[in-house]
Amino acid sequence: MPNVAAQGGMMGRSRRFKICFVAAALLLASETAFAKEWWKDAFAMEGSSPCDGNDSRVTFTDKSVEMWEVGCTIDKVQKIKGLDAVILDLTCSDDTDSVEKRRALLLKLDDSKILRYPENQVLQRCSELEAAGSKP
């Protein structure tokens, strides 16, 4: 007759392994999802004044890009394999109701800033600009 206690121990280890595996997969998936969202925030030109009233302010969301007097709808987001970079295909309009297609490349820099091209601007998070502006 098989040892029931030994089988219970084996079942417990197998179950713990499955739980640990699922937990690790969920943790990895949530970190991956967070890493993909690095560009969604409010930014302004590096070293500029805090973002309130700053005309270099640009806000990226999952569906739009809002700039000073120009608003854009994101038509497509292309991630670049092997880089922390995205290409945004945009449809933009300004106060004169003119509509144009644009394309922007956002590249994540090591110091949590981003490079926006073709403007060739280094952008810094508004929260970091505000923190730097409040230091004595």
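**Disulfide pattern.** I looked up the disulfides (pairs of cysteine sulfur atoms within 2.5 Å) and found the pattern 1-4, 2-3, with bonded cysteines counted along the chain. The structure holds two of them. A disulfide is a covalent bond between the sulfur atoms of two cysteines.

**Source notes.** I am working from a predicted model, where local features need pLDDT of at least 70, side-chain atom pairs count only at pLDDT 80 or more, and totals for chains, interfaces and linings use all residues. Residues are numbered from 1 along each chain as its sequence is written, and side-chain values use heavy atoms, with hydrogens and water left out.

**Cys-51 and Cys-126.** I read 1.8 Å between the sulfur atoms of Cys-51 and Cys-126. The torsion about their S-S bond is about -90°, so this disulfide is left-handed. Cys-51 has 1% relative accessibility and therefore counts as buried (under 20% relative accessible area; exposed is over 50%, partly exposed in between; 1.4 Å probe, protein chains only). Cys-126 is buried too, at 5%.

**Cys-72 and Cys-92.** I found the sulfur atoms of this disulfide 2.0 Å apart. The link is right-handed, with 105° about the S-S bond. Cys-72 is buried at 2% relative accessibility, and Cys-92 is buried with a relative accessible area of 2%.

**Nonpolar core.** I then looked for nonpolar cores (sets of buried Ala, Val, Leu, Ile, Met, Phe, Trp, Tyr and Cys residues joined through side-chain atoms within 4.5 Å). The largest has 17 residues, and Trp-39, Phe-60 and Leu-88 are among those with the most contacts inside it.
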